[in-house]
Amino acid sequence: MKILVPIKRVVDYNVKVRPKADESGVDLNNVKMAINPFCEIAVEEAVRLKEAGSATEIIAVTVGAENAQEQLRTALALGADRAILVETDLEVEPLGISKVLKAVVEKESPNLIIMGKQAIDGDNNQTGQMLAALMNYPQATFASELKIEGEKAVVTREVDGGLQTISINLPAVVTSDLRLNEPRYASLPNIMKAKQKPLDVIKSDDLGVDLNPRISTLKVSPPPEREAGIIVESVDQLVEKLKNEAKVIS
Amino acid sequence: MTALVIAEHDNKELKVSTQNTISAASKLDSDIHVLVAGSDCNSVAEEAATCEGVSKVLYVDSKEYENFLAENISNLIKNISDDYSSILAPATTNGKNYMPRVAALLDVAQISDISSVESEDTFQRPIYAGNCIATVQSSDAKKVITVRTTAFDAAAKDSNSAEILKLEEVNDAGISEFIKEELAKSDRPELTAAEVVISGGRGMQNGDNFTLLEGIADKLGAAIGASRAAVDSGFVPNDYQVGQTGKIVAPNLYIAVGISGAIQHLAGMKDSKVIVAINKDEDAPIFQVADYGLVADLFTALPEMESKI
């Protein structure tokens, strides 16, 4: 079984981002970049399936600028076998990314696509579902458990009220939630080995996919600030304030 | 111009998130239709017809929609989408699951998790876990939108009697199958709909100590939540999680107990009307967003609080 793992280069999750002073976008100057945490979980899940003998090959793919090769090397160090960068300098929206991924899927014919449920920059939570729609594949989003059973995958999903388990025909798209697994750390030998693994670069123009944006960002502003309130001295004072000042309890 | 709102329900009752979404739709289009798709869900269609601002309820009753499998429901929505200028669903796990699929089938870029409607094509939405608010403009003729329900008041119910139109639409894609659902059973209100939420963090030390929150929750009619740290430590199940990667809540009163206030948690609760923080670390970032902070050991403060409310 061949697994395709689409990943994304994003601002490291420890960085507190701010809008630019002129509100034209997010200030990304000298900010540490990393593989999107949900994508890292997706890579780990693919590697575990390979270690368990269910998968034979793992291909990591991303759509982005040349520097996204760094995150593909991370995926290779975690255990992906080879990588593909679809290079573009455009800021591509989820719809465009899913169209690029469709072209890659048609070329590589993976049996399973595992990817993060959302990227922590745009927080869109769209690309996996869109790719599944374009391929007419079933989808299992927000996965917390994934089992391959013959020509099907049985997936437990995190839903609002608890957990839902569904069975989907392969090929399919699965998107990872936080509790699917805990990704390993890449060892130094594996980081060295990753440098020798194949990484193909394709120009997005060569795929003949329409990447023109449909959504324009007019401005990016800081969220309304919440002012810190007061420190109360005791439980008595807290209860009194909640009753008589905030009037939220009776 | 007519908006189509996709109803969230459990085949028995309409969820309030539908009413929040109707309210968002009313800022966008003058006419609103609601799609109720499910199995044996006639009562939901009738309930939806009483929502203010709704002129028509489309009611589709068929087994393949019972569990909202994305493959089936997205085909249904696509098939009936022609007459609508916008399609909106609440950004629940259901809406997040099927709506991007609808958008791709229609070749439309979805606008996720909107927190305000600026005009018929311009919206605000939080990005980077709510650290920035983006104002975005869509050039698609048809808008596919998911709605951050806490940002919109619920449309009134029981004040209308819209027409209910039953549609025969069979869309079993046959590529996915529901097996089971394990939903947490609780007599407490749902986290995202509760007026009061009390959440515990890593400071609770273990799952058993969450009983300290239960006494207060019972007295206040509150839902119980948790930080991601508490969930990751295995204290409580993931459906308790409030934050960027969990649920977004905005109750009248949010009580954060033993929660330091990581960005990812604040993203899920900072729109609450009144925030109370109880933490023994006076430097915890949660105090910077709290209206009332109590620097105290939660193991003494919680029992005392329970006895005094």
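Visitor: What makes a residue of chain A or chain B part of the contact, and how many does each chain give?
Guide: Two residues are in contact if their C-beta atoms, placed from the backbone, lie within 7 Å. By that test, the contact takes 62 residues from chain A and 67 residues from chain B. This is a predicted model: local features need pLDDT of at least 70 and side-chain atom pairs 80 or more, while totals for chains, interfaces and linings use all residues. Residues count from 1 along each chain as its sequence is written, and chains are lettered from A and ligands numbered from 1 in the order written.

Visitor: Which strand of chain A gives the most to that side?
Guide: Strand 9 (162-169) of chain A, with eight residues. Strands (E, at least two residues) and helices (H or I, at least four) are DSSP runs, numbered from the N terminus.

Visitor: Why are strand 12 of chain A and strand 8 of chain B called paired?
Guide: Pairing needs at least two bridges found by DSSP. These strands have six, in the antiparallel sense, so they pair. One bridge joins Ser221(A) to Ile133(B).

Visitor: What makes strands 5 and 10 of chain B edge strands?
Guide: The open, parallel sheet has seven strands, in the order 5-9-4-1-2-3-10. Strand 5 (111-114) and strand 10 (163-167) each have a single partner strand, so one side of each lacks a neighbour in the sheet. Strand 10 pairs with strand 3 (54-61) over five bridges. There, Leu58(B) stands opposite Leu165(B).

Visitor: How does helix 1 of chain B run relative to strand 4 of chain B?
Guide: At about 150 degrees. Angles run from 0 to 180 degrees between N-to-C directions of axes fitted to C-alpha atoms, for helices over the stretch in contact. Helix 4 (93-105) of chain B makes about 170 degrees with strand 9 of chain B.
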